[in-house]
Structure formats: C-alpha cells, structure tokens
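This report describes selected helices and strands of one structure. The sequence and the model are shown first, and the description follows.

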Amino acid sequence: MTTLRSDFLRIVTERGFMHQCTDLERLDEQLASGRRTAYIGFDCTADSLHVGSLIQIMLLRWLQKTGHKPIVLMGGGTTRIGDPTGRDEARKMLSDEDIARNMAGIQQVFAKFLTFGKGEIDAEMVNNADWLDRINYIAFLRDFGRHFSVNRMLTFDSVKLRLEREQPMSFLEFNYMILQAYDFLVLNRSHDCMLQMGGSDQWGNIINGVELGRRVDQVDLFGLTSPLITTASGAKMGKTGQGAVWLNAERLSPYDYWQFWRNTEDADVGRFLRLFTELPLNEIAKLEALQGAEINDAKKVLAFEATRLAHGTEAAEEAAETAKRVFEQGSLSDNLPTIEIPQDELAAGIPAFALFARAGLAASNGEARRLIKGGGARVNDAALSDENQPVGAGDLRDGVIKLSAGKKRHVLVKAS
C-alpha cells in the first residue's frame, strides 16, 4: 500500500478505523497539503448517543487532533424522516420538541470529545433543519432529483434489504438518501467541507453525496467509512443484555460505563484499545500481549482510558477506585448504582426475582428467575437459591441491601 502522508489517514488506518475510501491517494494529498473540513451526521433519535456511535466520534476527534476542522451535523431535519439503513420498519416519528430535546442531550456528548469555538480547527455543530426546512419541493426535484437514478437507488442495501424481506418502505424514507447527499453539497458550499465520514452501512449514501457534488458544482468530494464493530463473539457493539451503553452520565453512570469496558472479551482488548483510547500503539502492543489473568490489567487500562474520554479523569478514577473496593476488597461503596424503594414496600418484603428485575440486574421477571435458579444471584454477598424469597427491611446493612448478579454487576437498594 502507498505510504500515507497525512497524519489523519495514517493514524486511522493504523488504528483500524478505515474500511472504504472513495479515492485514498487524492484524499491523502488533500489532507497533507493543509487544513481541511470533514463531517459526520447524527440523527436525533434519542437524548444521548451510545457506544455504537463512538467510533464515529473518535474519527472526528482524531481529525481535530491532526489539524483539521470537524463538523458535527445534527439531523434536525432528516430525523423527521428516519434513516432506513439496516431497519425492517420505519422509525417512530418524533415531534419537533422531542428532536430539540434529543439534540441538546447529544451536544453534551460531543463537548467531552471535541473542542468547539471560533478557531480554525475548532469543531462546529450545525443542524440540517436550517436548510431542509426551506426547501421548495418542486425546485428541489428539478435541480437535484434529476441527478438520482431510481434504478440505482434500488440497489443500495438500505433499500434492497428492506424489499427483499418484503417490508414496506415509505416514499418518505426513500427520500432520505437524497437529502443526505444534499447535506454534503450544502456543507461544501457553506463550509468548504470536502469529506464525509460514516459507518460502512452509509457507503451508498455517502457516494450519492460525492457524485451530487461532482454533477451539480463540479467539485471533488470524498467519502470514508469505518468498519461495523462487533465483539469477538459476534455481538453488536454498544448493546448488552441490559440495553444500550449510553455515553451520557444521566443515562448510564460512569461506574457502569467503566464496567462495560472492564468486561471486554480477551480477544477484543487490543482492538478496542486502538479504536477507543489514544494510548500509543507500542504501549497497546504490550498490553494486548499479556496472557492469563494479566489481561485483566489491560482491561482496566481500557476501562479507565475510555471512561476518561467520555466522563473526565475524575469520574474515571472514582469508577476505578469503586471497582477496586467492591471486587478486590469486598466492601460497599456509595458510588455503586443505587435504587430507592419505599419504606413500606421494604417492610412488607419483595420477592427476590421482582427486586432483581426492578434493580435492572435482569431484563424481565423471567430472566431474574433464571438468574436465581442458575445460582448467579446474591443478596449481601450471600447466595440466593429461592426466587420467591422475600427481600426487605431485615436485609438492610448500614442502610443498604447489596444485590449482585454474577461477580461484576451490583446494585444497592436504599429505603426512601
């Protein structure tokens, strides 16, 4: 492969971010010759992003660290339609109020990873509703719709897979890829943005934008995608049995975020250190070479560094210390996830399976029953065998009840 001149492309290639690129050599020339602007789009379907979006966030972070300007495009307009990519059904339609609230929550995530401001390489957050809301439909179809072939659009995975599964796709959703292409054209005109990045499932949509720029404005635009990240066991990144691993502390505590990374599979440690931390590659090579029980030290480094980026150094240190006290010293800590139960309910006693489900240590009552029957549940570090055993005020120790699922997941119960 050609030696890359630009720091950005060299780093993201070495660290495993690169999947596809429209013209790698020419893009490398552009990025090596001066400051450039690139963007990634994020729809506002929830009030936080989760770990599944982290590889895109890290791409923008590396872009800025190597002297280029990142744009975070918030899909205030396209969220009203919903990206059909990878879905068997249409997304739930959100109100403008929902979208605004979600956008505010997502902004908190990016404030941790990027530097915003008025400087040359300071990140900028823009909202595509600012231009999509002003579209004149007939003029838009005349000026831009004519550049898209329906025959070709039907071959893109986002459309083809839905049709193959005989799942209906609305005309509204079908328009999504045209609007995304138009976003790229607008950002090139307004911000001299020449590169769109995204996950590998966005390749077709990105290509549309590159070609639209060439046909309408005769400009050279570029696209780059990252691979779909799955764990060594094949699970989708960012999802657990307990739900999404959110990046906002209001959605998921820094301690639980730390634990997510601490529980990484052995085979994923090196790869995740390269993707989700900024540790030097030579240091990562030493960590991923650890064998046996020592690989746990590498997992703690991964957990600390990932939590530091998302929540700050203080929160990462606090999470690491909490874990040390709980798992290595066997003591309780006020930093563990905590739920409050009304005093009268605790006085009456709550069936163990119901309390474990309520605490979020199981996704349902049925899963809680199976956890207890399988010997994976403990109350105050004592094994629990009866799924119907009442847990209540008599189990309080120093004002709390410690519930444990396996060795690594714990919740404290307090009376309210």
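## Helix α2 and its surroundings

In helix α2, which spans residues 24-32, the residues L27, D28 and L31 are buried (under 20% relative accessible area with a 1.4 Å probe and protein chains only; exposed is over 50%, and partly exposed lies in between). Viewed down the axis of α2, these buried residues fall within an arc of 105°, so they line one face of the helix; the arc is taken from the directions that run from the helix axis to the C-beta atoms. Helices (H or I, at least four residues) and strands (E, at least two) are DSSP runs numbered from the N terminus.

The buried residues of α2 pack against α1 (7-14), β1 (20-21), β5 (193-199) and β6 (222-226), where contact means heavy atoms within 4.5 Å. Just after α2, G34 adopts a positive phi of about 160°.

## Basis of the model

The model is predicted: local features need pLDDT of at least 70 and side-chain atom pairs count only at pLDDT 80 or more, while totals for chains, interfaces and linings use all residues. Residues are numbered from 1 along each chain as its sequence is written, and side-chain values use heavy atoms, with hydrogens and water left out.

## The five-stranded sheet

An open sheet is formed by five strands in the order β9-β15-β14-β11-β12, with mixed pairing; two strands pair if DSSP finds at least two bridges between them. At the edges are β9 (338-341) and β12 (382-383), each of which pairs on one side only.

Strand β14 (residues 400-405) pairs with β11 (residues 377-379) in the antiparallel sense over three bridges, and V379 stands opposite L403 of β14. With β15 (residues 409-415), β14 pairs in the antiparallel sense over six bridges; here I401 stands opposite V413. β14 and β15 form a hairpin with three residues between them, and G406 in the turn has a positive phi of about 70°.

## Burial of β14

In a regular strand, side chains alternate between the two faces of the sheet. Both faces of β14 are covered, with V400, K402 and S404 buried on one side and I401, L403 and A405 buried on the other.

## The α13 and α15 pair

The axes of α13 (residues 269-276) and α15 (residues 295-311) come within 10 Å and cross at roughly 20°. The axes are lines fitted to C-alpha atoms, for helices over the stretch in contact, and angles run from 0 to 180 degrees between N-to-C directions. The two helices are therefore roughly parallel to each other (under 35 degrees; over 145 counts as roughly antiparallel, 65 to 115 as roughly perpendicular and the rest as oblique). The contact involves V269, F272, L273 and F276 of α13 and I295, A298, K299, L302, A306 and L309 of α15.
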